[in-house]
Amino acid sequence: MRDRVDWQQVDWRVERMARQYGLDHQLRKLQEETAELSEAIAVHLRSPTPVSRREIIGEAADVHFLLRQIGFLLNFDSADIDGIVDYKYRRQLMREGIYE
């Protein structure tokens, strides 16, 4: 296993909460929070307001909060995600003819 210096090691709260609630609970909670984020986005698309914008930010923070814990429990970190995100950017830019 590779050494990781990431959110899991930097912030003790991630490990504390992840271990307290466990993977199954936090995955179910993530399902709930992503549904709430989806609903906040739908509301904002129908009628954008400063309040609806704040709701999106709050729900996105909830999702991020849980993803950090799930990353700890499943032993992945932001570097793993960043590598996939970079691939997706390159793939999209290639489709648009901007990147080769």
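Asp11, Arg13 and Arg68 are linked in a network of salt bridges. By salt bridge I mean a side-chain nitrogen of Lys or Arg within 4 Å of a carboxyl oxygen of Asp or Glu. Side chains of opposite charge can pair when their charged atoms come close.

A word on the source. This is a predicted model, where local features need pLDDT of at least 70, side-chain atom pairs count only at pLDDT 80 or more, and totals for chains, interfaces and linings use all residues. Residues are numbered from 1 along each chain as its sequence is written, and side-chain values use heavy atoms, with hydrogens and water left out.

How many salt bridges does the structure hold? Seven. Let me take three of them.

Start with Asp11 and Arg68. Their side chains meet at 3.5 Å, N to O. Asp11 sits in the loop between α1 (7–10) and α2 (12–21), and Arg68 in helix α4 (residues 50–74), so the pair ties together parts that are 57 residues apart in sequence. Helices here are DSSP runs of H or I, at least four residues, numbered from the N terminus.

Buried or exposed? Buried means under 20% relative accessible area, exposed over 50%, partly exposed in between, with a 1.4 Å probe and protein chains only. Asp11, at 11%, is buried. Arg68, at 22%, is partly exposed.

Next, Arg46 and Glu39. This salt bridge spans 3.9 Å, N to O. Arg46 is exposed at 61%. Glu39 is partly exposed at 45%.

Last, Asp86 and Arg90, at 3.1 Å, N to O. Both lie in helix α5 (residues 78–95), four residues apart, about one turn of the helix. Asp86 is partly exposed at 39%, and Arg90 is partly exposed at 30%.

Technical notes: Helix = DSSP H or I, 4+ residues; strand = E, 2+ residues; numbered from the N terminus.
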